[in-house]
Amino acid sequence: MTTGAPTSPYPTTRPRRSRLRRYLPLGVAAWLVLEIWLLTVVAGAAGGLTVFLLLVACAVVGSVVIKRAGRRAFQSLNEALQRGGSPERGGGNGLMMLGGLLLMIPGLVSDVAGLLLLLPPVQQAVSRYTQNALDKRLRAAAPGGFGDAFQQVRIHRPDGKVVPGEVIREDRTEPGDQQRPPLSR
């Protein structure tokens, strides 16, 4: 029913922002301040040239780590495609690349975090934590949502195998015949 009163195209209440959207800018700003403060403290104690050389060395090591992890990931993908399967999980190449990226970012806190991500026990712990968190979020997803699609895939194809095959379509019409839809139903 219309009352003739104009309706506002804007909602009267704003949707509530998530915690991540609220606190992420504050966290990034605090991290940047901490990195700059720590660089000045170490530069005051060890000298500016030493800190500069340390940052350059970490950037070079980070680029080498990213290159090797990317090459290893590409190689495992090629091998998996040649076998006809999917690449194995838990290779750790993504976390190696993240560690290399953190090493390339100038700063000592990010360098320590990048070096920690290069250690296999830390990689296993982080991958287990992220896998558990992702599974928990997918289970909590609303039915019919994105998480439900993954659940349906797991139900129908639990092992994820692909069966190679070929589809053959047999047309029963001759090449010169044309099928037309009926004129009445």
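Helices (H or I, at least four residues) and strands (E, at least two) are taken as DSSP runs, numbered from the N terminus. With that convention I read the chain along its sequence and noted the pattern α-α-α-α-α-α, that is, six helices and zero strands.

**Entry 1, ground rules.** I am working on a predicted model, in which local features need pLDDT of at least 70 and side-chain atom pairs count only at pLDDT 80 or more, while totals for chains, interfaces and linings use all residues. Residues are numbered from 1 along each chain as its sequence is written, and side-chain values use heavy atoms, with hydrogens and water left out.

Two packed helices are described by the angle between their axes and the distance between the axes. Axes here are lines fitted to C-alpha atoms, for helices over the stretch in contact, and angles run from 0 to 180 degrees between N-to-C directions. For orientation, angles under 35 degrees count as roughly parallel, over 145 as roughly antiparallel, 65 to 115 as roughly perpendicular and the rest as oblique.

I took H1 (residues 19–46) with H4 (residues 108–117), whose axes come within 7 Å and cross at roughly 100°, which makes H1 roughly perpendicular to H4. On the H1 side the contact is made by Trp-31, Leu-34, Glu-35, Leu-38, Leu-39 and Val-42, and on the H4 side by Leu-108, Val-109 and Ser-110. I sorted these residues by class (Ala, Val, Leu, Ile, Met, Phe, Trp, Tyr, Cys and Pro count as nonpolar, Asp, Glu, Lys and Arg as charged, and the others, Gly among them, as polar) and got seven nonpolar, one polar and one charged.

For H1 and H2 I noted an angle of about 125° with the axes 6 Å apart, and the two helices are therefore oblique to each other. Leu-39, Val-42, Ala-43 and Ala-46 of H1 meet Gly-48, Thr-50, Val-51 and Leu-55 of H2, a set that divides into six nonpolar, two polar and no charged.

I listed the buried residues of H4 as Leu-108, Ser-110, Asp-111, Gly-114 and Leu-117, and what covers them includes H1, H2 (48–83), H3 (93–104) and H5 (120–140). Ser-110 counts as buried at 2% relative accessibility, and, leaving aside neighbours within four places in sequence, Ser-110 is in contact with Trp-31, Glu-35, Leu-102, Leu-103 and Ile-105.

Asp-111 held my attention, being buried yet without a salt bridge, with Arg-68, the nearest side chain of opposite charge, 17 Å away. I checked the terms: Lys and Arg count as positive and Asp and Glu as negative, with His and the chain ends not counted, and a salt bridge is a side-chain nitrogen of Lys or Arg within 4 Å of a carboxyl oxygen of Asp or Glu. Not counting residues up to four places away in sequence, Asp-111 touches Leu-55, Cys-58, Leu-102, Leu-103 and Ile-105.

Asn-93 and Ala-69 are 24 residues apart in sequence and 5.2 Å apart in space, C-alpha to C-alpha.

Key. Contact means heavy atoms within 4.5 Å. Buried means under 20% relative accessible area, exposed over 50%, partly exposed in between (1.4 Å probe, protein chains only).
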